[in-house]
Amino acid sequence: MIKQDILKRITDVGVVAVVRAENSEAAIRISEACLQGGISAVEVTFTVPDALSVIAGLAKRFSPKELLIGAGTVLDPQTARAAILAGAQFIVGPNFDPEVARLCHRYQLPYLPGCLTVTEIVHAMEAGCDIVKLFPGNAFGPSYVKALKGPLPQVNLMPTGGVNLENVAEWIKDGVVAVGIGGELTAPAKKGDYAGVTRLAEQFVAAVAAARQ
């Protein structure tokens, strides 16, 4: 899939599910539940045991047109390359690493690095990152987006951390192109309630669509 198509898919729905789980089976079931709820992009973090097998399993089961599979908590180019070879279509990190950016450019896949300050964000943009993950989003909240958009109106931001059903509309209205949601979306899975994850996914997708209107 072409890089721009991947970015468009992420921004069209506007929600990326951040998948953290205690085991690979739970991670796969969470991803499936999110897809059933209308979230067609998941970020499987490398904090999940055997994350590569989760990425590979999802990539084998779903086409990119059905589900976009990203790799999260990627700290170095070695991990990024392993994830890409396993089937990841985009790479996400809690930090910005220029070598990861270079590798993702080599494979023509999006890299969404975690940044917080203006300096970090500008460095990521200069390295060709089309979307910057604002992390941790709960450090300052939605109003921080307005502050950043003053000097950087061109930046495409995706906050992760601190996004919930109560404030997701505010994030969208303040100018982010998408949101990354972890525990606020996947919490029911801890009790084996994957249908609950699907219901929350539906609510988040609907809330983003309503805020955009």
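## Note on the predicted model

1. **Val155 and its contacts.** Val155 touches Ile121, Met125, Val132 and Lys149, leaving aside residues up to four places away in sequence; contact means heavy atoms within 4.5 Å. This is a predicted model, in which local features need pLDDT of at least 70 and side-chain atom pairs count only at pLDDT 80 or more, while totals for chains, interfaces and linings use all residues. Residues are numbered from 1 along each chain as its sequence is written, and side-chain values use heavy atoms, with hydrogens and water left out.

2. **Where Val155 sits.** Val155 is in the loop between H7 and strand E8 (157–159). Helices (H or I, at least four residues) and strands (E, at least two) are DSSP runs, numbered from the N terminus. Val155 counts as buried because its relative accessible area is 2%. The cut-offs are under 20% relative accessible area for buried, over 50% for exposed, and partly exposed in between (1.4 Å probe, protein chains only). One of its contacts, Val132, is 23 residues away along the chain, with 7.6 Å between the two C-alpha atoms.

3. Arg199 lies 44 residues from Val155 in sequence and 31 Å from it in space, C-alpha to C-alpha. Arg199 belongs to helix H10 (residues 194–212). Its relative accessibility is 46%, so Arg199 counts as partly exposed.

4. **Helix H10.** H10 has 19 residues and spans 27 Å from its first C-alpha to its last, close to the 27 Å expected at 1.5 Å a residue. The expected span is 1.5 Å times one less than the number of residues. Buried residues in H10 are Tyr194, Gly196, Val197, Thr198, Leu200, Ala201, Phe204, Ala207, Val208 and Ala211. Their cover includes helix H1 (3–13), strand E1 (15–19), H2, helix H8 (168–173), E9 and H9.

5. **Helix H1.** Here the buried residues are Lys3, Ile6, Leu7, Arg9, Ile10 and Val13. They sit on the same side of H1 because they cover an arc of only 155° around the axis. That arc is taken from the directions from the helix axis to the C-beta atoms. E1, strand E2 (41–45), strand E3 (68–72), strand E4 (90–92), helix H5 (98–107) and H10 are among the elements that cover the buried residues of H1. Just after H1, Gly14 has a positive phi of about 85°.

6. **Helix H3.** Ala51, Val54, Ile55 and Leu58 are the buried residues of H3. They fall within an arc of 95° seen down the axis, so they line one face of the helix. Their cover includes H2, E2, E3 and helix H4 (77–86).

7. **Backbone points to check by eye.** Asp50 has a positive phi near 55° and is not a glycine. It is in the loop between E2 and helix H3 (51–61). At 51% relative accessibility, Asp50 counts as exposed. Gln108 is also not a glycine, and its phi is positive, about 55°. Gln108 lies in the loop between H5 and strand E5 (111–112). Its relative accessible area is 48%, so Gln108 is partly exposed. A cis peptide bond joins Phe135 and Pro136, with omega about -5°. Pro136 is in the loop between strand E7 (132–134) and helix H7 (143–149).

8. **Asp174.** This residue lies in the loop between H8 and E9. Asp174 counts as buried because its relative accessibility is 13%. Asp174 touches Pro142, Ser143, Val145, Lys146 and Lys149, not counting residues up to four places away in sequence. Lys149 is also among the contacts of Val155.

9. **The largest pocket.** Its volume is about 430 Å³. Of the 23 lining residues, Arg20, Gly182, Gly183, Thr186 and Lys190 are the closest to its centre. On a 1 Å grid over the protein atoms alone, a pocket is an open set of points where a 1.4 Å probe fits, with protein on both sides within 12 Å along at least five of seven lines; lining residues have an atom within 4 Å of a point. Grid points are joined across faces, edges and corners, and the volume is the space filled by probe spheres set on them.

10. **What lines the pocket.** Helix H2 (24–36), strand E9 (179–181) and helix H9 (183–186) each supply at least two lining residues. H9 gives the most, with 3 residues. The lining divides into 10 nonpolar, 8 polar and 5 charged residues. Ala, Val, Leu, Ile, Met, Phe, Trp, Tyr, Cys and Pro count as nonpolar, Asp, Glu, Lys and Arg as charged, and the others, Gly among them, as polar.
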